[in-house]
Amino acid sequence: MKFKTLINLIASGQLALLLQLGPIFRQSYRSSFVAAALSEGIFTMLREGPINIDELYQRMVGFTSGETPSKENISKEKLKTWLDVGVSLGELRLTPEGYALHSRLSRQLAQPSNDGIAAMYQEVCTLHHELITQTPARLRENRYFVFDDTNGELIARSSRILEPYIVEIVDSVVPEKGAFHLLDVGCGSGVYIRCACLRNPELQAVGLELQPVVADLARK
């Protein structure tokens, strides 16, 4: 860059603005990558240790009928490029054995005990992002968000971050023995019905859930 061009950028304030936005850009890329990796199960795969690109490709993409070796190689190379973004952001690292989790954030979100927090991370980066960025255009078009626009299973998982507090409420309301009836409206994953049933074996409970995929999650 010519010295005059640099001076003009400094004088205009654009260089200072770009430098100010740099960390924001990086955090945005990092959040997007982590959310995608969580959604695709990458962190779950890497939880036990490094996995090479061939095995990751087979687990993530699989093989479609009639897929040629050349197409497979192209897809594998594109997957590698995407994983390398995670390496450059510090979320993954590339070892002789393959790709592995690197950052403390990624390693923590990969733990099953932190699934509710991982789901909340995904919810913020996907659903909440869409609500914030799409609302003005949808209002202009009279096209509102509806219940089915939400990822019910994801919300059911993320809502478990409140589990320690709600379990206390369940314990304070449900007696340890004796006949008792419980109605859980919007039961989500069904975790609080299960908690109440474990507390009182005589309890009878009904859970209502509007989204079939979430109801299936509750049954599981």
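Reader: Does Gln211 count as buried or exposed, and what is its relative accessibility?

Author: A residue is judged by its relative accessible area, and buried means under 20%. In this predicted model, Gln211 has 10% relative accessibility and therefore counts as buried. Gln211 lies in the loop between S4 and H11.

Reader: Which residues does Gln211 touch, not counting residues up to four places away in sequence?

Author: Contact means heavy atoms within 4.5 Å. With those sequence neighbours left out, Gln211 touches Phe147, Asp148, Thr150 and Gly152.

Reader: In which helix is Ser106 found, and is Ser106 buried or exposed?

Author: Ser106 belongs to helix H6, which covers residues 104-109. Its relative accessible area is 0%, so Ser106 is buried. Apart from neighbours within four places in sequence, the residues in contact with Ser106 are Val34, Phe43, Glu91 and Leu101.

Reader: Where is Lys220 found, and does Lys220 count as buried or exposed?

Author: Lys220 is in the segment after helix H11, which spans 212-219. The cut-off for exposed is over 50%; Lys220, at 84% relative accessibility, therefore counts as exposed. As for its place in the chain, Lys220 is 109 residues from Gln111 in sequence, and the two are 20 Å apart in space, C-alpha to C-alpha.

Reader: What is the phi of Asn142, and where is Asn142 found?

Author: Asn142 has a positive phi of about 55°, although it is not a glycine. Asn142 sits in the loop between H7 and helix H8 (152-158). At 58% relative accessibility, Asn142 counts as exposed.

Reader: Let us turn to the strands. How do strands S1 and S2 run, and how many bridges join them?

Author: In a regular strand the side chains alternate between the two faces of the sheet. Here, strand S1 (residues 92-95) and strand S2 (residues 98-101) run antiparallel and are joined by 4 bridges. A hairpin leads from S1 to S2 through 2 residues. Within this pair, Thr95 stands opposite Gly98 in S2.

Reader: At what angle do helices H2 and H7 pack, and how far apart are their axes?

Author: Helix H2 (residues 14-39) packs against helix H7 (residues 115-140) at an angle of about 125°, and their axes are 9 Å apart. That angle makes H2 oblique to H7; angles over 145 degrees would count as roughly antiparallel, and those from 65 to 115 as roughly perpendicular. The crossing of H2 past H7 is left-handed. On the H2 side, the contact is made by Arg30, Ser31, Val34, Ala35, Leu38 and Ser39, and on the H7 side by Ala118, Tyr121, Gln122 and Cys125.

Reader: Which residues does Arg30 touch, not counting residues up to four places away in sequence?

Author: Arg30 is a residue of helix H2. With those neighbours left out, Arg30 touches Leu89, Glu91, Ser103, Leu105 and Tyr121. Arg30 also shows how positions separated along the chain may be compared in space: Arg30 and Gly90 are 60 residues apart in sequence and 8.5 Å apart, C-alpha to C-alpha. Arg30 counts as partly exposed, at 25% relative accessibility.

Reader: At what angle do helices H9 and H10 pack?

Author: Helix H9 (residues 163-173) and helix H10 (residues 191-199) pack at an angle of about 40°, with their axes 10 Å apart. H9 is therefore oblique to H10, and H9 passes H10 in a right-handed crossing. From H9, Glu163, Ile166, Val167, Val170 and Asp171 meet Val191, Tyr192, Cys195, Ala196 and Arg199 in H10.

Reader: Which residues of H10 are buried, and what do they pack against?

Author: The buried residues of H10 are Val191, Tyr192, Ile193, Cys195 and Ala196. They pack against H9, strand S3 (180-185) and strand S4 (203-208).

Reader: How many disulfides does the structure hold?

Author: A disulfide is a pair of cysteine sulfur atoms within 2.5 Å. The structure holds 0 disulfides. Cys197 is in no disulfide, and the nearest cysteine sulfur, that of Cys195, is 9.2 Å away. Cys197 is partly exposed, with a relative accessible area of 32%. Cys125 likewise counts as partly exposed, at 23% relative accessibility.

How values were computed: Residues numbered from 1 in each chain as written. Predicted model: local features only at pLDDT ≥ 70, side-chain atom pairs only at ≥ 80, totals over all residues. Heavy atoms only, no water. Pairing = 2+ DSSP bridges. Buried < 20%, exposed > 50% of the residue type's maximum accessible area, 1.4 Å probe, protein only. Axes fitted to C-alpha atoms, helices over the stretch in contact; angles between N-to-C directions. Parallel < 35°, antiparallel > 145°, perpendicular 65-115°, else oblique. Left-handed = near helix turned anticlockwise from the far one by under 90°.
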